[in-house]
Amino acid sequence: PLVLGIETSCDETGVGIVRGRTLLANAIASSMDEHARYGGVVPEVAARAHLESMTPMIGAALAEAGVSLEDLDAIAVTSGPGLSGALMVGVGSAKALALALDKPLYAVNHLVGHVGVDVLGEEGHLEYPTIALLVSGGHTSLLLVRDLVSDVELLGETIDDAAGEAFDKVARILGLPYPGGPHIDRLAAQGDPKAIRFPRGLTLPKDMAAHRYDFSFSGLKTSVARWVEKKQDAGEEVPINDVAASFREAVADVLIGKAIAACTDLGVPRLLLGGGVVANARVRSLAEERTSAAGIALRIPPLDLCTDNGAMIAALGAQLVMHGHDPSGPDFGADSTLPVTDIQVH
Ligand code: ATP
Ligand code: MG
Ligand code: FE
């Protein structure tokens, strides 16, 4: 089926088009630059940018795919989780399109979309079950995917900051611009990851975590802040490259450590990565080292499909169509806290 997918959960206005498992178009506009002066995504600014970018991105995707709106078999849209105002723009646009064109509409889960993008892989996709680690500015989630369209379980998530958020906050402590993840990654390459032993894992008592594989990054961030302050108070120069390298090592160690533990504990020999933090060089290399040592198949989609995009939503929508799922009704809305178990909203 020819499916157009719309994604507006955060700061990317994404419109993608797929035919079954084949990617035809992936048009993306980002309002990242507009948020830079605030040091984080401002919901109202993101929603307004989506309004401005939606029509141009739909046009760009159709042109890239070489198809017209009438050719579409279905439309898919992110219903949640994400920023309410931002999600509403996508949901409203998708409903208007579906109604005007009289096409079936599938309201889907953003997080499951990050997993669904895997079906667009040129060498085929991972078999099920698979473990998925999704790490971005807004989420840090570990999922057990038994079946993409019918059975996704949350194994763990962050109880405070998302991994990308931690990168951005530590970057700020080090005086680097937003978004700080890429800057830390670059400086870390010149530093010693063993220079400072920053804490791993949950700093809160274990029972405060709701899930077995929950993450926490706020303690790590505070620990970096304290270490830097101490140096400054002592009038010493902060070895910024070593701090970046040691911090990056701690985050990568925690993320990949828990993902591998889940694979091993649950006997699942497949791991999929998604989200913007996958751009991180150490997260990638550690994932490669540890999965190959443990005999786990690793899949890292191309980076433009790891960050938020419309193609992943179209891909998940196409899977729902191909598995005979009914379209969503007319009454669904934007759900900022949609649980990952709700793959489709009816
Ligand atoms: P969402 O959470 O809704 O998926 P988002 O816009 O918050 O979306 P992404 O666009 O997927 O997240 O990723 C952006 C985040 O990834 C930022 O926090 C950024 O600092 C981080 N990031 C990007 N590149 C790197 C890198 N090389 N190393 C570490 N973090 C990075
Ligand atoms: Mg983004
Ligand atoms: Fe995302």
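Author: Let us begin with one residue. In this predicted model, histidine 114, leaving aside its neighbours within four places in sequence, is in contact with Leu134, Gly274, Gly275 and Met312.

Reader: Is histidine 114 buried or exposed?

Author: A residue counts as buried if 20 or more other C-beta atoms lie within 10 Å of its own. Histidine 114 has 31 such atoms within 10 Å, and it is therefore buried. Its place is in helix 4.

Reader: Which positions does UniProt list under "binding site"?

Author: The UniProt record, an unreviewed entry, places that feature at His110, His114 and Asp308. These positions are spread over 199 residues of sequence, yet they cluster in space, with a largest C-alpha distance of 8.7 Å.

Reader: Where does histidine 110 lie, and what does it touch?

Author: Histidine 110 lies in helix 4, which covers residues 110-116. Not counting residues up to four places away in sequence, histidine 110 touches Ser9, Thr78, Gly80, Pro81 and Gly82. Histidine 110 is buried because 26 other C-beta atoms lie within 10 Å.

Reader: How is the packing of two helices to be described?

Author: Two packed helices are described by the angle between their axes and the distance between the axes. Here, helix 5 (residues 163-173) and helix 7 (residues 218-233) pack at about 10°, with their axes 10 Å apart. Helix 5 is therefore roughly parallel to helix 7.

Reader: Which residues meet in that contact?

Author: Ala166, Lys169, Val170 and Ile173 of helix 5 meet Leu220, Lys221, Val224, Ala225 and Val228 of helix 7. The residues of this contact comprise seven nonpolar, no polar and two charged.

Key: Residues numbered from 1 in each chain as written. Chains lettered and ligands numbered in written order. Predicted model: local features only at pLDDT ≥ 70, side-chain atom pairs only at ≥ 80, totals over all residues. UniProt positions renumbered as here; feature names shortened; annotations may be inferred. Helix = DSSP H or I, 4+ residues; strand = E, 2+ residues; numbered from the N terminus. Buried ≥ 20, exposed ≤ 12 C-beta atoms within 10 Å, placed from the backbone. Contact = placed C-beta atoms within 7 Å. Axes fitted to C-alpha atoms, helices over the stretch in contact; angles between N-to-C directions. Parallel < 35°, antiparallel > 145°, perpendicular 65-115°, else oblique. Nonpolar A, V, L, I, M, F, W, Y, C, P; charged D, E, K, R; others polar.
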